[in-house]
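Have the structure open as you read.

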Amino acid sequence: MKRRMNLYVGVLVLLAGVCGGCTSSMKKATTSDIDWEAFLAQHDMHWNKLTADPDEPKRDFGQSTGYYAGAIMGNGLLGTNLYKLRDNVYRMNVGRSDVTEVRQPYGTFNSARLPIGYFTIAPKGTVSEEEMRLSLYDAETAGHFATEAGRMDFRTYVHATRNVIVFESECVGEGMGYNWDFVPQEAISPRCIINNDYPLGYVNSQHHSNPAPERIDEGDLHFVVQPLALDTTFASIGKYYVVAWNQTCKGTLQRVLATVAQQVDREAALNEARQLLKDELEVKESKRTAAHRDWWHKFYNQAAFLTFPDMKYESFYWAQYYKFASTARPGCPIVDLMGVWPNYDTPWPAIWMNLNIQLTYCWQTKANLGWLAQPLWDGLYAHRDNLGKNVTDIAGQEDWTDAACLPRTCTYDFHAPLNPALADRNQYEVGNLAWTLHYYWLQCNAYGDKKQMRERLFPLLKSAVNIFFHIRQQNADGKYVLPPTASPEYTGECAGPNTNYDLANLRQGLATLLRIDAECGINDPMRGQWQDFLDNLVDFPYSEQTGFKVSDTLEFLNTSHRHYSHLFMIYPYYMLSWDNPADRAKMELSIDRWQGDQGYSRTGKAAMLAAAGRGNDALDQMEVFMGRFLMPNTLYAESGPVIETPLAAMSSLHELYLQDWGDCIRVFHGVPLRWTNASFVNMRAQGAFLVSATREAGATVFVQVESEQGNVCKLQTDIPVERVKVASSCVEEKVFSVVGMNVISFETVPGEVVQLTDAASPCVYPHPLAHPESEAMPFGDGSRQPR
C-alpha cells in the first residue's frame, strides 16, 4: 500500500476541536449507542438442517460432520454441542474441561482429556422439519423439530455463572413428546479410538483404561458415576466424575437440568451433583435466565468493537468472542485444543505448547479482553515449580534450579520434563515458554499492569531465559551460539544448531527482561549478562537464495512447511524494520517463498503481510482460510478439533486494523484497499492506550486515543499531517511532533482523550457498518451463505 511521505518534521500547535466541538464538549467515541441485540442478531448461527458425525472415526473430518456443525455453548468449565446423532435422534454432547485421566507419569494417554458422553433427544415420530438458531447476544440456542405427531420447540443454554445445563421444551400436538436419556462414553484416551491402538500398560486385558460407569436413579434425580483409576488393576481410584440430571414436566412443558461434578471421593462427587440440582430446582427459571443473559450482555460491552465491510468476517469475528467466552473464564482451567467441547476420537487430548497454546492466547489484549487470558498466566505462575522440574527432573540438570521450560505437550499442571535427547527428533523445544510469555508481556504492557509485570512475568521470563544460559556455547568469533534444539514440525530429524525459532525466542526474551528491568526500576544483578548475551548473540541464519533458514545447517527448502517457526523475527516479534530496504527484501523473500497450507499458516502469513502494508495480499490469505479451513460453526480441525486457528485469525484481523509494534501505533496500516469503510472502538494498544478509528471512502477520517496512564503516544495514520486536526479533553491546544512518515508523537496525561480528524473530510465517528439482510447469519449449517 502506498503511503505519502511527509518530509516535514517539527512541532505543530493545533487548536482543539473535532467535528465542530470544543475541549469542554468533546464527544467521545463509545459503544453506548449500539443496539447490541440487533447488531449481534445478524451474526447468530442458524440451521435449517442438522448433520451427524460419521459412523466410524476418521481423520479427514469434513464440513458435513456434526461436531463441526453443531450449536456450541459453555461457561468455561461445562460445555455442550447440539447436533444430530442419526435420523430422528439428536445429541447434546457434555463436556467438562478438567475431566482427564489421572495416571502418572504424564502422557497423552495417561493424562488425556476424556470424553464424557451425550444426552439423546428423540422426538416421537419421523422428523420432517428441523431448525435452530444460536443467539450470540443471549448465548442460547432455540429451535424446533416437527413430526407427524406435532411440534417440539426447545431452548437450551449452559448457564454463564452456574454449573448447570438447561434444556427447556414445549410439545404441541396430541401424542407429541420426546425421550431423553444419557449415553456415557468410555473413559479412555481419544488417541486409542482414532489410532485403534493401545500402548503397553495403558489398558487392561479387556482393553479398558477405567472401570465401567455406574448408573444410579434416586426418584427424579439421575446419576452416572465414572471412576478414574490410577492403574490398570482398578484397585485404586484417583477421582470420580458424576453426570447428573433432573427432568420435570408440567403439562406440555418440560425442563431438564444437568451438571457434571468431579471429586476425589465418590460420595463427595455424588453429593456435589445432587446438591447442585436440588439448589437449581428451587430457582425460578425467569431468574436463572435473567442472570445468565445479564452476564453475556455485559460481556460484549466490555470488549473492543470491530465492524467489517464483509459480513462473513464480521460474523466470524463476533462468533469468536462468543466461543472463547464460552470456553475460557477466570477460575476455570486454561483452554486446551478442544475447549469445553471434548471429542471421543481425536489425536489431540492434551495441551500443545509449540503453537496451539500461543495462538489460542495471542489476541485477547487488542480485543480488550485480557481478563479472559488471565487463567493461563495464573496457571503458569501457580505451577512455576513444575516449570522448573521440567528442567531439573532430567539427569545431569538437577542443579539448573534457576531455569524453566515448557515441553511439546502437557496437561494443566504443566509438568512434563523436556529431555535434550529429543533434539535428535526435532522436539527439544527450549523456547516454548519464552514464546508463551511474550503474550503475557503484551498484556501487561497494554494494560499498564506493572504489578503483574514485576512480580509474576519477570521471574517467569527470567527462568525461561536462564535455560539458554545453561546450553549456550561460544564460537571462534566470540559469538554466543545455541546447540541443536528444535524448529517445530519442520523435520523429524535433528534440526541443527542455531534454529531461528529459539534464537528469536531468546532474543525477544532478553530484550523484554531488559525493558522490564528498566521500566520497573528492578536493577536485577543479571541485567549486565542479559545485555551481553543479547549484544553477542549470533545473527539469524539466512540464505540469499532461500531466505531465513531453519537453522545454521538446514535451509528452508520444504516451502509447504506449515509452521512459521523459522520466521519469528518477522512475526510475532517484529525484530526487523519494514522501513529498512535491506530488512524488507529479506522478509519479503522469506514470506513469499513460504507456502504453508494449513489454516494457521494462512492466518500467520496474513499477519506478516499486514505488517508490510500489503493488506490486499493479507486478505487473500484470509479468504483461503475462511473458504477452505473454517467449519460451519467456526470450529477447526486437523485430524481432530484444534481450537487455536480461528483464534489466531482474530489476531490477523486485528493486524489489518491496528498494529502497535516498534512502540508505534499504526491505524489501518494493514487494511485491504478494497475495504474502503471500516470502524473500531477501544482496541487496546501497547502503552495502555484505547484506540478507536473510522475509515470512510478509502481514507481515515477519525482517530481517538484514550490514555489510561499518561504515556507518550506515537501514532501513524494516512491523514496528511498538514491537514490533521487535533483535540484534547484536557487542554485547549495540543502539541505534537512529526517524527516520521505520517508518524506523530504527543505526550498524554492519565485519562486524556485525544482525537484526530482530516480537515478536508467530514468527521465520522465509529459506527456499525450496514449489511444487506440477505447476508446475515452465514454460519451454522453453512447453507445460508457460501464462504
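Start with strand E7 (residues 129-135), which is joined to E8 by seven bridges, the two running antiparallel. Strands here are DSSP runs of at least two residues (E), numbered from the N terminus, and two of them pair if DSSP finds at least two bridges between them. Before going further, note that this is a predicted model: local features need pLDDT of at least 70, side-chain atom pairs count only at pLDDT 80 or more, and totals for chains, interfaces and linings use all residues. Residues are numbered from 1 along each chain as its sequence is written, and side-chain values use heavy atoms, with hydrogens and water left out.

Back to the pairing: serine 135 has glutamate 140 in E8 as its bridge partner. E7 and E8 make a hairpin with four residues between them, and alanine 139 in that turn has a positive phi of about 55°.

Buried means under 20% relative accessible area, exposed over 50%, and partly exposed in between (1.4 Å probe, protein chains only).

Now the cysteines. With a disulfide taken as a pair of cysteine sulfur atoms within 2.5 Å, the count is zero. Cysteine 171 is in none, its nearest cysteine sulfur being that of cysteine 249, 9.1 Å away. Cysteine 171 counts as buried at 8% relative accessibility, whereas cysteine 249 counts as exposed at 55%.
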